[in-house]
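Open the model in your viewer and keep the selection panel at hand. The stops below can be taken in order.

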Amino acid sequence: MDLDALASCLASPACLVTQTTSGLIIGMLLFLVAVGLTLIFGVLKVVNFSHGAFYMFGAYFAMTAYQVTGSFALAILSGAVGTALLGLIFERVFMSRVYGRDVLMQLLVCYAFVLIFDDVVRMIWGPEFKSMGMPAAFQVPPLFIAGGVVPPYYLLLIGVALAAAALLGLGLARSRIGKVIRAAAHNPGMVSALGINTGLIYGGVFALGGMLAGLAGALAAPVRSLTPGMGFSVLIESFIVTVIGGMGSILGALIGALLIGLIRSFGSLGFPLFTEGLMYLFMVIVLVSRPTGLFGKEVA
Amino acid sequence: MTEVQAGQGTQPLEVPRIDARPQRYRDVLIALVAFVLLALLPVLFGSKQLLDFVIRCAAYGLFATSLNLLVGYTGLISFGHGMFFGLGAYGFGLMMQKTGVPIPVAFIATLAMTVVVAVVIGAICVRLKEIYFAFVTLAFQMLIHSTILSWQSLTGGDQGLRGGIPRPPFLGIDLSNHLHLYITSCALLVIGLLLMRQIAQSPFGYTLRMIRDNATRASFIGIDVWRAKLVIFVLAALFAATGGIIMALFVSGAYPEFAYWTISGEGIFINMLGGVTTFLGPMVGTVLLLILNDTVTRLTEYHGIVLGIVILFFAIGLRKGLMDFVVEWFAQRRGEGRA
């Protein structure tokens, strides 16, 4: 424990800005992963335990595309589109076989793919740590806000994540497809009876969820090291986020992700060894006081 | 809302026997025979690997079977059951390293400590339903894991509890002797399984099945569901801790991985592999997983792929655990024979 470090940081504007930005980027990346998870749970009623793998694939796809083309925009795009395709195939071929079955069977299928995907990455890209490197456009001096250091790339990252959040929220609330998705989440039988192909909706939502995780992975690739199994800690953290926010709630995922991001970034100052513990402690406190999460609907 | 029924589907409820005594004698007899067979193993085959394998089976088997009391019998899918495995290993290891009390005292003290922790954590967890129960147990597990990592002065942090666990002889049993350790592990396994079998077949065991199948109805006929869930949560924790103690004795230490959530994941996986509707399913799953792990790791470095494909075969192909499959297959054949 190092409470003095935490206190002196809270008293200094420069440190406050630095830690808050770093909390925000952790939170925004987590949000992108968690919102896909919560969307898939909300519509398909499946807890996608293999979601972290899509984050991992997003990062590796982006790295490869960047090495081949040298274009950062293409790297991000291939991270997102590649994982969307992967999600679609995975859902249609495997997950669709276990809908409505035992929760344990669904978890087991996902767990199997966590193992398989990690080894596939190890086969293709090798077991060692990889790094994508910061694209040239962002190799510029950092900004200083109130004395705090803010790399420009962080701003891009936060901007893209916020844009994705807004697009997703508006799309679900306003567009026709969004309405159909919400209807399918509420009453798939009725939607199916109205002549809408629910299989297509399910596949689409899974692909969308995978795409968001892949986007997060691609965005994280320049600032994190890549390794097989990197999806796992992200998966666990995004589970915490969805559970804190309430399973199926997009707003909850956003708030939960930001809270976890800030807890991580400030917790690492005050409790260097117990940062992860703080997250779990927070989750326990939330679940004890509100068993369905902050924004979760009461399960009847 | 669909209740999680842990592979029960539409099967009819088992009807409890009015008089369970004949079955109890039968179970004790089976346990005795099993113990004698296990004890004869070193005489028949001198291989140390085989004995090591059985000791590991005892540790993981107790853990997995106790998890099935929650998952299969009560419908409580715990993702954090491994915390009690880790707690058992660390509690026992620390007690032996720091206090030097005799082994039986440390054993009982560890179990007592497990009861206290399990009552506190269980009281919070069993209020929650389904996926939220799974996640809050996971959170507690990771909380304990983080505590082990950060409390370096006591637990050795990520290095684990090293330096060996002293094993002074007691009552003529010397656990630093491999054969003695083997026999003791087998005895703990057989006694543990027998006790769990008695719990599962008792009226309380049938109360648990009723809670799993219809908790609302159970509470309507006057069952205190919360208390019943808490009791089985604590009992299951005790057997998981015993598994952890065997593991700590076996490796002569305790490592943070023992309390990591993957232990719980493996436990669930073992249950699914072996089957959750038969009492011995988790034991079968344990043996299968350990054999699978050992052989696959020897054959290829990509053992995740092989393990994953085997899991898929069970989850999508068989759609149930091995023991469930075998039992149903026999039941079906018998039914056809009669018709």
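This is a predicted model: local features need pLDDT of at least 70, side-chain atom pairs count only at pLDDT 80 or more; totals for chains, interfaces and linings use all residues.

Residues are numbered from 1 along each chain as its sequence is written, chains are lettered from A in the order in which they are written, and side-chain values use heavy atoms, without hydrogens and water.

**Helix α7 of chain A.** Select residues 176-186 of chain A; helices are DSSP runs of H or I, at least four residues, numbered from the N terminus. Buried here (under 20% relative accessible area, 1.4 Å probe, protein chains only) are A:Gly178, A:Val180, A:Ile181 and A:Ala184. Seen down the axis of α7(A), these residues fall within an arc of 160° (taken from the directions from the helix axis to the C-beta atoms), so they line one face of the helix. They pack against α2 (13-44), α6 (152-174), α8 (188-193) and α9 (198-220) of chain A. On the other side of α7(A), A:Arg176 and A:His186 are exposed (over 50%).

**B:Ser252.** Next, select B:Ser252, in the loop between α10 (225-251) and α11 (261-274) of chain B. A polar atom of the B:Ser252 side chain lies 3.0 Å from the backbone nitrogen of B:Ile165. Not counting residues up to four places away in sequence, B:Ser252 touches B:Gly164, B:Ile165 and B:Arg167 (contact: heavy atoms within 4.5 Å).

**The nonpolar cores.** Now select A:Leu32 and A:Phe49, which have the most contacts inside the largest nonpolar core, of 206 residues. A nonpolar core is a set of buried Ala, Val, Leu, Ile, Met, Phe, Trp, Tyr and Cys residues joined through side-chain atoms within 4.5 Å.

Definitions and conventions: Helices (H or I, at least four residues) and strands (E, at least two) are DSSP runs, numbered from the N terminus. A polar contact is a pair of N or O atoms within 3.5 Å; within protein, one must be able to donate a hydrogen and the other to accept it, and residues adjacent in sequence count only if both atoms are side-chain atoms.
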